[in-house]
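Please look over the sequence and the 3D structure shown here before reading the report.

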Amino acid sequence: MTDLKKHWNTAYGNNEVSRLGWYEEDPDATLQLIQQCNLSKDARILNVGVGASTLLDKMVNIGFENIIANDISNTALEKLKTRLGIKGKDIQWIVDDLTNPTTLSEIAPVDLWNDRAVIHFFTEEEDQNTYFSLVKKLVKNNGFVIISAFNTDGATLCSGLPVFRYDKDMLAKKLGAEFKLIESFNFNYTMPSGDTRPYIYTLFKRAG
Ligand SMILES: C[S@@+](CC[C@H](N)C(=O)[O-])C[C@H]1O[C@@H](n2cnc3c(N)ncnc32)[C@H](O)[C@@H]1O
């Protein structure tokens with residue numbers, strides 16, 4: 001097991017999900033961007049580094065039928081799977097490392113790539129390039145990308161790990177001209193401790 005996987009399994013294994021510093025009870029900002037994509041209920045939606053917050057509960061409630069849940073932490077996915085119970089029966093679960101993807105590189109293209117609070121952990125350019133190559137490999141023409149990350153005014157650490165912070169132009173540059181920015185906004189996330197963390201939320205659409 002890599003040190004990174006151990007780190008995240010320990011974080012999820014030693015804490016109640018609702019006490020984690022990134023836990024979100026109301027993922028409304030992400031849901032608002034998903035709504036803007038106007039996807040059909042059978043759209044393929046890949047949630048990378050999905051963790052165990054409530055987004056997938058809400059997506060299942062909305063009626064999305066083709067959800068893929070990825071994380072490097074099998075503990076996170078097991079907790080989420082247990083909480084969802086029968087509601088999660090149609091979800092495809094993929095334990096894989098975005099910086100060294102194996103199973104993920106083999107999956108069929110997706111209509112939406114969704115990342116909240118994952119990309120900023122990739123501080124090395126090589127890992128960032130691997131991440132964006134996977135986005136470009138997997139997102140269909142006319143598909144969407146939602147990336148929500150610590151913004152350039154944000155904290156420099158999360159979960160004790162250093163982070164690489166973004167603004168919308170940096171994300172646009174990494175994605176390349178084929179991906180058009182549809183929307184972006186700043187969002188102040190309030191942690192369970194009451195501290196806040198400024199995020200940039202972005203929605204891109206790939207050209208057809
Ligand atoms: C700050 S948490 C955010 C979790 C979730 N997206 C949310 O909004 O609650 C970061 C997540 O990314 C996952 N992660 C970290 N590095 C990863 C990697 N290389 N590949 C896949 N997932 C990773 C962690 O296990 C963790 O669940």
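## Basis of the model

This is a predicted model, in which local features need pLDDT of at least 70 and side-chain atom pairs count only at pLDDT 80 or more, while totals for chains, interfaces and linings use all residues. Residues are numbered from 1 along each chain as its sequence is written, and side-chain values use heavy atoms, with hydrogens and water left out.

## Overall form

The C-alpha atoms of the protein chain fill a box of roughly 45 × 40 × 30 Å, taken along the principal axes. The secondary structure comes to seven helices and nine strands, where helices (H or I, at least four residues) and strands (E, at least two) are DSSP runs numbered from the N terminus.

## Around the ligand

The ligand is surrounded by 19 residues, and the closest are Tyr12, Ser53, Asp71, Asp97 and Arg116; a residue counts here if one of its heavy atoms lies within 4 Å of the ligand.

A polar side-chain atom of Tyr12 lies 2.6 Å from an oxygen atom of the ligand, an N or O atom in the side chain of Asp97 is 2.7 Å from a ligand nitrogen atom, and a backbone N or O atom of Gly49 lies 2.8 Å from a nitrogen atom of the ligand. The protein covers 98% of the 590 Å² of accessible area that the ligand has on its own, by the Shrake-Rupley method with a 1.4 Å probe.

Notes
Polar contact = N/O pair within 3.5 Å; in protein donor to acceptor, adjacent residues only side chain to side chain.
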